[in-house]
Amino acid sequence: MTTSTLASILRHGALALTLTGLAATSTAEPATAHWSPSWMASTQPIWSGDFVLPTGLPFQFNRQTVRQVARLSIGGSRLRVVISNEDGAAPLYIGAARVARHAEGSAVIEGSDRPLRFGGQADVTIPPSARLVSDPVDIAMPALGEVAVSLYLPRPSQPAGFHFDARQIAYVADGDLIGAARLPAAATQWSTRVYVSGLIVETPRPPVTVVTLGDSLTDGNGSTPGANTRWPDALAERLVGRNVAVLNAGISGGRLLKDGMGRAGLERAGRDVFAQPGVRAMIVLLGTNDIGWPGGPFAPNEPAVRAEAVIQGLRQLAEMARAHNVRIMAGTIAPTERALEGTPLEGHYSPEKDKVRQAVNRWIREGGAFDAVVDFDAVLRDPARPSRLKAAMDSGDHLHPGDAGYKAMAAAVDLGALLGTPSQP
C-alpha cells in the first residue's frame, strides 16, 4: 500500500470511499479482508466562550499524553484508528501514538499495546479540516472489547475534533507516557473526547452498519459514566450475534434544523450516517432541542418552533435515507416536563412546547414517512402524567433517562423492522 493511500486525508464522504478501497489497493492484504467501522464519536465545533455551558477542555495540550477509551461494537482481527482535526484552525502534530486493549481506569492489558503508524511513520501532521486513518495494527479485538488510544502531543495543540459528552473518563499526563501501562494518579481526568473520532476493524465479511443519529438522549447523558449503558450500547449488545456494527452519532445539545452544540442533524447526516461504510439502517431521535431550546437559556432570542418545521426536517431525513438506499427508523420524542428544574438551564418545557412535541409524535407514528417507528415516548412516559418521564426511567434531571430507561429504549427497537429482515429476538 502506498504512503499516500495509508495517510489519506479523509473528509466527509471521502471516508467511506477510502475505507472501501483500502483492501482493494493493498497487495499485502488478502482478498477477503474488509474494513468495518465499529465505533465513532461525532465531532463538534468548539463553541464560543459566551455559550451557556463550558467546553470542559483545556486551552491547549503541550508535551502531554492524552489517553482515551472507547468500546467497540463488533470485533476484528486488526484495527485502525481515525484521528480528527476537522474543526482545527491549525495543523495538528502528533509525535507518537499507541493503541491497546483497555483494562480498567487508565491501565491497559500488559503486552497488548501496539504503536500506531501513519504511512509507516510514527509521527504525523494532520491539516486543518481533515481526518487521518492509521495504518492497520495487528491487535485482535473481540466484539464489545474496550480500546485505549494514547496520543503524545509534543507541541502546543489546541483541541479540535471535539466531542463534548463522552460519558467516559479521559486522561492527560505530562510527558511522553504513551507506552505506560498505567498513567500516574496525578493525571488530569475529564469527560470530553478530543481528536480520536473512529475505530475500524478488519472483518471476514463486508460491513453491515447501523447509525443512531440523535441528541443527548442518544449520546447517553444521564447514563453511568464508563459503564457503556447508553441505548446504542445496549442495541449493539443485541446485535452482536448478527455481526452488525452500531455507531453512536449522538451529540448532546444536537438539533435537527439548526446548529446547536453540534451541527444541525440535516447537515451532519451526510458525514455521520450516509458516508459510513456498509450502512444498512439509521435510527433518528431528534427534535427535543429544536422544540425545547427557543426562549430558554440555550437559545433565548429564538422564536418558538412550529411542529410543521420539525416534521418537514424529519421528512427530509427520510428522503435522504431513501436516496442512499438506507433504511430509516424514527424514534418518538420523550416527555420533558420538569426538565432541569431548579437549575439555571431549565426552560425546555412549557405546555405550548409539549403540544408541539405531541403533534410531531403523532406524525411520526401515523405519517408513514419511515420504514419503521420505535415509540420511545411510550416506553419512557409516566402513564399517570404523560408529559413527564416515568420515575423508574428518569436519571433524576427529568430530561434524560437513566440506565434503566436507556436499556428499555434499546429493547423497544424491533431488529427485524430496523434491518428489513425477518424478526428475531
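Close-up 1. The model is predicted. Buried in H8 are Lys353, Asp354, Val356, Arg357, Ala359, Val360, Asn361, Trp363 and Ile364.

**Close-up 2. Length of H8 and the residue that follows.** Helix H8 covers residues 351–366, 16 residues in total. At 1.5 Å a residue, H8 should span 22 Å. Its end C-alpha atoms lie 22 Å apart, so expectation and model agree. Just after H8 comes Gly368, with a positive phi of about 70°.

**Close-up 3. Crossing of helices H4 and H10.** H4 takes in residues 231–239, and H10 takes in residues 403–411. Their axes come within 8 Å. The crossing angle is roughly 45°. Angles between 35 and 65 degrees count as oblique, and H4 and H10 are therefore oblique to each other. The crossing of H4 past H10 is right-handed.

**Close-up 4. Residues at the H4–H10 contact.** From H4, the residues involved are Trp231, Ala234, Leu235 and Arg238. They meet Tyr406, Met409, Ala410 and Ala411 of H10.

**Close-up 5. Confidence along the chain.** Mean pLDDT for the chain is 91. A value of 70 or more is reached by 90% of the residues. Over residues 1–27, pLDDT stays under 50. For this stretch the model has 49 contacts beyond four places in sequence.

Conventions:
Residues numbered from 1 in each chain as written. Predicted model: local features only at pLDDT ≥ 70, side-chain atom pairs only at ≥ 80, totals over all residues. Heavy atoms only, no water. pLDDT = per-residue confidence, 0-100. Contact = heavy atoms within 4.5 Å. Helix = DSSP H or I, 4+ residues; strand = E, 2+ residues; numbered from the N terminus. Expected span 1.5 Å × (residues − 1). Buried < 20%, exposed > 50% of the residue type's maximum accessible area, 1.4 Å probe, protein only. Axes fitted to C-alpha atoms, helices over the stretch in contact; angles between N-to-C directions. Parallel < 35°, antiparallel > 145°, perpendicular 65-115°, else oblique. Left-handed = near helix turned anticlockwise from the far one by under 90°.
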